[in-house]
Amino acid sequence: MSVTVRVPAKVNVQLAVGAARPDGFHDLANVFLAVGLYDEITVTPTDELRVTCDGPDADQVPLDRTNLAARAAVALAERYGRSPDVHLHIAKDIPVAGGMAGGSADGAGALVACDALWGTGASREELLEICAELGSDVPFSLVGGAALGIGRGERLTPLEVGGTFHWVFAMAGRGLSTPAVFREFDRLGEGTDIPEPVASGELLAALAKGDPDALAAAVSNDLQPAALSLFPELAGTLAAGRAAGALTALVSGSGPTTAFLVRDPESAAAVAQALLASGTCRTVRTASGPAPGATVAAAG
Ligand SMILES: C[C@@](CO)(OP(=O)(O)O)[C@H](O)COP(=O)(O)OP(=O)(O)OC[C@H]1O[C@@H](n2ccc(N)nc2=O)[C@H](O)[C@@H]1O
Ligand SMILES: Nc1ncnc2c1ncn2[C@@H]1O[C@H](COP(=O)(O)OP(=O)(O)O)[C@@H](O)[C@H]1O
């Protein structure tokens with residue numbers, strides 16, 4: 001018996017960041033859109049907790065108990081008083097340390113897969129609670145679609161989306177650490193008044209309408225200056241995508257993956273080709289959203 005769960009990557013179409021809280025986290029207004037780039041997590045019973053991974057970035061994924069998939073299995077097993085002895089295999093297609101929530105996807109996927117394998121009967125609320133303990137982005141990986149995340153980003157409200165948005169993603173030659181980008185955000189903001197993060201009404205309306213031009217005009221990422229400060233070459237990638245006709249270009253979350261909104265799949269192919277030819281990124285992918293959250297793809 002094994003269970004395979006498919007989980008999407010995300011792009012943040014708005015990431016409003018408040019001042020650092022006493023616990024070190026930042027309050028956010030985080031508008032997530034799940035996009036069709038997926039990791040697949042397969043869980044099989046065995047006599048010892050084990051993680052394996054394949055895919056282009058597999059060598060950057062920790063295979064010990066710090067892996068978010070392993071942490072998810074342990075958290076669920078502890079809650080139900082059972083042993084977490086499973087083999088977790090991650091077929092990884094989401095870039096690692098790219099600001100697309102790949103590790104969070106694997107955490108949510110392992111949780112749903114172990115839940116199905118063990119037949120725990122956990123409620124959606126319980127699963128979301130465990131997700132929030134694993135990381136701020138993990139609840140969204142479970143639910144997918146589009147959602148506004150407040151607090152650390154873990155308190156979600158689902159959002160209406162009136163159409164499909166087409167994207168090109170440019171992967172960088174190295175990763176960026178999420179805590180380092182938040183620290184740089186704090187450093188750049190020292191001595192300034194940082195407003196409370198609020199979701200943009202224009203942005204939510206653009207999503208609800210499914211209007212790419214309106215969405216392009218409304219996207220924002222407060223972490224972008226910090227990501228660019230730590231990784232200045234990303235400015236060249238953003239410029240190359242804009243020059244190639246993207247409706248807008250932004251850093252995805254804490255980066256360094258850059259995201260380019262385009263009108264249709266044909267423009268996606270053209271922008272992807274131009275980005276590759278520009279030599280400003282390692283590789284490119286196209287994907288559209290919203291995409292469904294963690295979903296059992298196979299069991300048996
Ligand atoms: C920035 C975002 C945007 O969606 O994602 P990525 O771009 O990294 O994928 C998220 O907020 C990342 O979420 P996630 O990667 O789950 O972060 P966590 O494990 O909860 O926290 C890692 C570290 O990031 C910082 N952090 C995270 C969330 C938050 N609201 N405030 C923070 O300051 C803290 O330094 C924390 O120790
Ligand atoms: N299953 C996992 N897949 C990828 N990275 C993981 C995983 N579990 C833990 N990590 C760690 O989390 C870090 C952040 O990875 P990731 O979630 O891919 O990026 P981001 O937070 O930028 O979206 C990695 O550098 C890695 O050390």
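Visitor: At what angle do helix H2 and helix H3 pack, and how far apart are their axes?

Guide: This is a predicted model. In it, helix H2 (residues 102–118) and helix H3 (residues 124–134) pack at an angle of about 145 degrees, and their axes are 10 Å apart. The angle and the distance between the axes are how two packed helices are described. The crossing of H2 past H3 is right-handed.

Visitor: Which residues make the contact of H2 and H3?

Guide: On the H2 side they are Gly107, Ala108, Leu111 and Asp115; on the H3 side they are Leu127, Ile130, Cys131 and Leu134. By kind, the residues of this contact are six nonpolar, one polar and one charged. Gly counts as polar and Asp as charged.

Visitor: What makes lysine 10 count as buried?

Guide: The cut-off for a buried residue is 20 or more other C-beta atoms within 10 Å. Lysine 10 has 30 C-beta neighbours inside 10 Å, so it counts as buried. Lysine 10 is in strand S1 (residues 3–20). Leaving aside residues up to four places away in sequence, it touches Phe32, Leu33, Ala34, Val35, Met100, Ala101 and Phe140.

Visitor: Why is aspartate 137 called buried?

Guide: Aspartate 137 has 29 C-beta neighbours inside 10 Å and the cut-off is 20 or more, so aspartate 137 is buried. Its place is the loop between H3 and helix H4 (138–143). With residues up to four places away in sequence not counted, aspartate 137 touches Ala101, Ser104 and Gly153.

Visitor: Which residues does the UniProt annotation "active site" cover?

Guide: According to the UniProt record, an unreviewed entry, they are Lys10 and Asp137. They are spread over 128 residues of sequence but cluster in space, with a largest C-alpha distance of 9.3 Å.

Visitor: How do you know whether the radius of gyration of the chain agrees with that of a compact globule?

Guide: For 300 residues, a compact globule would have a radius of gyration near 19 Å; the chain has 19 Å, so the two agree. The C-alpha trace spans about 55 × 40 × 35 Å along its principal axes.

Visitor: How many helices and strands does the chain have, and what share of its residues is buried?

Guide: The chain has ten helices and twelve strands. Of its 300 residues, 52% count as buried. Among contacts with a separation of 6 or more, 75% are between residues 24 or more positions apart.

How values were computed
Residues are numbered from 1 along each chain as its sequence is written. Chains are lettered from A and ligands numbered from 1 in the order in which they are written. This is a predicted model: local features need pLDDT of at least 70, side-chain atom pairs count only at pLDDT 80 or more; totals for chains, interfaces and linings use all residues. Helices (H or I, at least four residues) and strands (E, at least two) are DSSP runs, numbered from the N terminus. The radius of gyration is taken over C-alpha atoms; the globule rule is 2.2 Å times the number of residues to the power 0.38. A residue is buried if 20 or more other C-beta atoms lie within 10 Å of its own, exposed if 12 or fewer, and partly exposed in between; C-beta atoms are placed from the backbone. Two residues are in contact if their C-beta atoms, placed from the backbone, lie within 7 Å. Axes are lines fitted to C-alpha atoms, for helices over the stretch in contact, and angles run from 0 to 180 degrees between N-to-C directions. A crossing is left-handed if the near helix is turned anticlockwise from the far one by less than a right angle, and right-handed if clockwise. UniProt positions are given in the numbering used here, feature names are shortened, and annotations may be inferred rather than shown by experiment.
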